[in-house]
Every structure is written in C-alpha cells, then in structure tokens.
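This report describes the helices, the nonpolar core and selected residues of one protein. Please keep the sequence and the structure in view while reading.

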Amino acid sequence: MDVTFGANIVLHYGFSASGMLSIVNRRVAQPMATACKEKGCKNMVPRALESPALCLVHFTLLVEKTCAEIRRETVYGKTPHGRQMEIVQYIADQGEMLTRAATGGVVLADEMKARILNTLLTLMNLRENLDRAAMRQPVGRTGGT
Ligand SMILES: [Zn+2]
C-alpha cells in the first residue's frame, strides 16, 4: 500500500502541503499570533477561538457567565420557542469551539484542562435544564400565574 500511489497517500500529501502553506502564510501576514481581546490579557488566542478573539481562560469565563444568564432567563420554562432554538444553537456552538480549542494540539496545564471540562459540564447541564423546563410547560397553556 505504501509502495503504490494509493488515494490515501495522495490525500495525505495534499493535506500536509496545505497545512504547511497556511502556517507560512500566517507567519507572513501576522508576525505575532492574535492576542486575547480582553483588556490586560497577554494570552494567545487558539485558532479555534479566533472568532471570539479570546484566550481559553477568558472564553471559558464568558461562556460560564452567559450560561448563568441563560439559566436565569429560562428557569421558569416560559422561554419562547424561537429563543430556545437560539440557546440550543449557542450551547452547541460554544461546546464545539471549546472542544476544538482543547484538542487542537496546544499544551494545556492540568488546571486549564479542569476548567475546560467544567465549562463543558456547564453547557451540558444548561442544555438538560432547558429541555426539562420546556417539558414542565404544559402544551397549549398560555400566560402564567
Ligand atoms: Zn484572555
């Protein structure tokens, strides 16, 4: 298999070549890696967190804070369906970004790993609570007490 030019080998070469190319491009375009946008923070932004432009610490802090706000907002189970869908999407997006950042090959201290796991747990619990609150709400009943 290694001797013949199998599809796997071609794919593999193509992948590593483009990977190298993007590293070179990044070095040319940005001499310094992106720094966290939080004031006074000098941590670097992992590639997976380029869109929020936050380091892992500040990203987890933001997610925790937002989850606490959503929890307060949804605790009575009267959240409109559209808003619930937004929240479900938010939870999935943040979970995906966090997982990518955590498994993207960056060396992480044990404390950081624990923080990431904790934030993932917060997201999972929030999702669970959301589903439970929605189930408690009787179908067709409008208004409240
Ligand atoms: Zn930061």
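Cysteine 55 touches Cys36, Cys41, Asn43, Met44 and Val45, leaving aside residues up to four places away in sequence; two residues are in contact if their C-beta atoms, placed from the backbone, lie within 7 Å. The model is predicted: local features need pLDDT of at least 70, side-chain atom pairs count only at pLDDT 80 or more, and totals for chains, interfaces and linings use all residues. Residues are numbered from 1 along each chain as its sequence is written.

Cys55 also belongs to the largest nonpolar core, which has 17 residues; Leu54, Cys55 and Phe59 have the most contacts inside this core. A nonpolar core is a set of buried Ala, Val, Leu, Ile, Met, Phe, Trp, Tyr and Cys residues joined through C-beta atoms within 7 Å. A residue is buried if 20 or more other C-beta atoms lie within 10 Å of its own, exposed if 12 or fewer, and partly exposed in between. In soluble globular proteins, nonpolar side chains tend to be buried together. Across the protein, buried residues make up 15% of the 145 residues. Of the contacts with a separation of 6 or more, 55% are between residues 24 or more positions apart.

The protein has 4 helices and 0 strands; helices (H or I, at least four residues) and strands (E, at least two) are DSSP runs, numbered from the N terminus.

Two packed helices are described by the angle between their axes and the distance between the axes. The axes are lines fitted to C-alpha atoms, for helices over the stretch in contact, and angles run from 0 to 180 degrees between N-to-C directions.

| Helix pair | Crossing angle | Axis distance |
|---|---|---|
| H3 (residues 81–102) and H4 (residues 110–136) | roughly 160° | within 10 Å |
| H2 (residues 56–74) and H4 | about 20° | 10 Å |

H3 and H4 are therefore roughly antiparallel, whereas H2 is roughly parallel to H4; angles under 35 degrees count as roughly parallel, over 145 as roughly antiparallel, 65 to 115 as roughly perpendicular and the rest as oblique. The crossing of H3 and H4 is left-handed. Residues of this contact include Ile87, Ile91 and Leu98 of H3, together with Leu120, Leu123 and Leu130 of H4. By class, the contact of H3 with H4 has 11 nonpolar, 4 polar and 1 charged residues. Here Ala, Val, Leu, Ile, Met, Phe, Trp, Tyr, Cys and Pro count as nonpolar, Asp, Glu, Lys and Arg as charged, and the others, Gly among them, as polar.

H2 likewise passes H4 in a left-handed crossing; a crossing is left-handed if the near helix is turned anticlockwise from the far one by less than a right angle, and right-handed if clockwise. Among the residues in this contact are Val63, Cys67 and Ile70 of H2, and Ile116, Leu126 and Leu130 of H4.

Leucine 117 lies in helix H4 and is partly exposed, with 13 C-beta neighbours inside 10 Å. Its C-alpha atom is 9.8 Å from that of threonine 60, 57 residues away along the chain.

Alanine 53 is found in the loop between H1 and H2, and its phi is near 55°, a positive value in a residue other than glycine. Most residues other than glycine have a negative phi.
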